[in-house]
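Hello,

Here is the structure for you to look through. My notes on it follow below.

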Amino acid sequence: RKQQKGALRTAQVLKHPNWDSVIVPVPAAESRLALSSLRDRGVTLVGLVAEGSGTGTAPLPLWDIDLTMSKVGLVFGADTDDGMDFSPGVAHELDVVATVPMKRFSSPA
């Protein structure tokens, strides 16, 4: 599974080599320090979480956030069952938390 996640992270960048993008996997223990360093360099950090997540604040719909800035870092929430969207200390470093709202379908009765 770990190899699959790594492949998924880089698949789109490899398809579009002209994108000015960098993917930097960071060990969870070093996440807060890495994000703090990016913020010091003027990067706006946008955390991405599932709808209805446990961040403590309601995430904004992704399309309500200005992503036209020259330096934007997307921080993906953790895919774990511990109830935390990010490793300890990460949420504090984010400028905003966003989600991609999904349309809910109900099955006919």
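Which residue just after H2 takes a positive phi? Glycine 42 does, at about 85 degrees.

This is a predicted model: local features need pLDDT of at least 70, side-chain atom pairs count only at pLDDT 80 or more, and totals for chains, interfaces and linings use all residues. Residues are numbered from 1 along each chain as its sequence is written, and side-chain values use heavy atoms, with hydrogens and water left out. Helices (H or I, at least four residues) and strands (E, at least two) are DSSP runs, numbered from the N terminus.

Helix H2

H2 covers residues 31-40, and Ser31, Leu35 and Ser36 are buried in it. Buried means under 20% relative accessible area, exposed over 50%, and partly exposed in between (1.4 Å probe, protein chains only). These three lie on the same side of H2 because they cover an arc of only 125 degrees around the axis; the arc is that of the directions from the helix axis to the C-beta atoms. Leu33 and Asp40, on the other side of H2, are exposed. The buried residues of H2 pack against strand S1 (44-48), S3 and H3.

Serine 87

Serine 87 sits in the loop between strand S3 (72-76) and helix H3 (90-93). With a relative accessible area of 22%, serine 87 is partly exposed. Leaving aside residues up to four places away in sequence, serine 87 touches Ala28 and Ser31, where contact means heavy atoms within 4.5 Å.

Threonine 99

Threonine 99 belongs to strand S4 (residues 96-99). Threonine 99 counts as buried because its relative accessibility is 4%.

Regards
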